[in-house]
Amino acid sequence: MRNRLPLLVLLVLGWWTLNGFVWVGQVVTMHQAAGQPADWPNTLRQHLASAWLWVPITLGLFAWVGRHPIERGRAMSALAMQGLAVVVVILLRAATVAALNGWIGWYERLPSVGELLAASVLNNLLTSWLIVGVAHALVYAERARRRERQAMELEARLARARLDALSAQLNPHFLFNALNSIAEMVHRDPDGADRMLVDLGALLRHSLDRSHRQEIALRDELVALDHYIGIEKIRLGERLRVHWAIDSALLDAQVPQLLLQPLVENAIHHAVAMRTTPGEVSVRAERREDCLILEVSDDGGAGEAVHGAGIGLRNTRARLQGLYGDDHRFDIGARIDGGTCVRLQLPYRRWQPLEAAA
C-alpha cells in the first residue's frame, strides 16, 4: 500500500471532494424547495471544508488499520485499537469544528462542549467505522495479492528446479551411451571412433552453450540432433536410415532444448539397433494453426517402445508438463504400416534470442 500512497491520496481526496459537492447540492435543493434563496458561497465553504477534514482522518485510519488489523489470534485487542481510533476521530472532529468555526461558519453561535461532542458522535461515528471497514478490505486485498504473487514465484522456481533436475538426469544418460559406443569402436574402427568423438564434442558444446535456456530455436535443436545421428550412423552403419520432413518456415520455432534427441534415441534403440536389417527413423515438423507438430517415428521395433517406459520418454513428458502445463499433447502409438510414432503438439512460438527479449 505504501508504494501506491500518492494514488491513494488522490483517490481519497477525490472521493471526499465529490461527497462535499453532493452535500452542497442537497442543501441547495432543500433551500430551493422551501422557497429560500441559496447561499452558495457559505454552503460551498462549509461543506467542502467538512468533507476535506475527512481526507487526513481517512488516511490516518488506513495507516492505523494497517498496523493493527483485525485478524485471527488478536481480534479483540485489534478491535479495541480500532474503537480507540474512532473515539479519537470523534474528539478530533469536535475540536476542529470548535477551532475553525469562526472562519468556516458552521454555527452562528458555537454550542457547548457537550452539545458539540454529541453532534460529533452523531455525525462521525458511523462514517469512522465505515472507513475502518474499507481499510480492512484494502489490507486483506493487499495480503491476497502478495500471497498470490509469492505462490506464482514459488511455482515458477519449483518448475525451474524440476526442469533443471530432469535435464541433469537426461544429459548423463546420453553421454554414457555415447561413450560406451565409442569404447566399443575404438579398437575395431579407430577412424569411426574419431568421427564419433568429433560429433560428440560438437553436440556437448552445442548443449553447454545453451544450457541456461530451457528452450531454443528448432534449427539449433536440429543441429544438435544431426550430431547425435552422426554418432549413431557411424555405430550402426547402413542399418540406420533417417528421413527428414521439416518445414523450413518453422526453423525459428521455439522448442525445448534436447527435446528430439531422446525420442530419436528411443526409436533407434528399439527399432534399429535390435535388428540386423536396415531400419528407418523419420523426423517431421509442421505447423497447424497455432500449434507446432513434431513427430519422431520408426518403421518397426519392439512393443516396449510404444509404452514409453524409458528414462528419455519419462523425462520428456515431465519437461513438457513443467514448461507448458496442459497446453500440449504427447502421444505415442503404433503406425498402421508397422512401427511406432511419437507425436508432440506444442504451442507455436517464434524463438526470441536473449538480446531481443531484453
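Trp-16 and Trp-54 are both buried, and buried here means under 20% relative accessible area, with exposed over 50% and partly exposed in between, using a 1.4 Å probe and protein chains only. Quick word on what we're looking at: this is a predicted model, where local features need pLDDT of at least 70, side-chain atom pairs count only at pLDDT 80 or more, and totals for chains, interfaces and linings use all residues. Residues are numbered from 1 along each chain as its sequence is written, and side-chain values use heavy atoms, leaving out hydrogens and water.

Okay, back to the tryptophans. Searching the whole structure turns up two aromatic pairs. Rings of Phe, Tyr and Trp (its six-membered ring) pair if their centres lie within 6.5 Å; planes under 30 degrees apart count as stacked, over 60 as edge-to-face and the rest as tilted. Trp-16 and Trp-23 have ring centres 6.3 Å apart and planes at 55°, so that pair is tilted. How accessible is Trp-16? Its relative accessibility is 7%, so Trp-16 counts as buried, while Trp-23, at 24%, counts as partly exposed. Then there's Trp-16 with Trp-54: centres 5.5 Å apart, planes at 15°, so this pair is stacked. This one links distant parts of the chain, with Trp-16 in helix 1 (residues 5-33) and Trp-54 in helix 3 (residues 54-67), 38 residues apart. Put together, ring pairs join Trp-16, Trp-23 and Trp-54 into a cluster.

Zooming out for a second. You'll find eleven helices and seven strands in the protein; helices (H or I, at least four residues) and strands (E, at least two) are DSSP runs, numbered from the N terminus. Of its 358 residues, 39% count as buried.

Now the sheet. In what order do the five strands run? The order is 2-4-5-7-6, in an open sheet with mixed pairing, where two strands pair if DSSP finds at least two bridges between them. At the edges sit strand 2 (240-246) and strand 6 (329-334), each pairing on one side only. Strand 2 pairs with strand 4 (residues 279-288) in the parallel sense, over seven bridges, and Ile-246 stands opposite Ala-285 in strand 4.

Helix 7 (residues 218-236) packs on this sheet, touching strand 2, strand 4 and strand 5 (291-298), and its direction makes about 165° with that of strand 2. For angles, axes are lines fitted to C-alpha atoms, for helices over the stretch in contact, and values run from 0 to 180 degrees between N-to-C directions. Helix 8 (residues 260-271) lies across strand 2, strand 4, strand 5, strand 6 and strand 7 (340-347), running at about 20° to strand 5.

Which brings me to the cores. A nonpolar core is a set of buried Ala, Val, Leu, Ile, Met, Phe, Trp, Tyr and Cys residues joined through side-chain atoms within 4.5 Å. The largest has 36 residues, and Leu-218, Leu-260, Val-264 and Leu-294 touch the most other members. Which helix gives the most to this core? Helix 7, with seven residues. Leaving aside residues up to four places away in sequence, Leu-260 touches several residues, including Leu-218, Leu-222, Val-283 and Leu-294, contact meaning heavy atoms within 4.5 Å. And there's a second, separate core of 18 residues, with Trp-54, Val-65, Ile-90 and Ala-135 among them. So that's our stacked tryptophan again, the partner of Trp-16.
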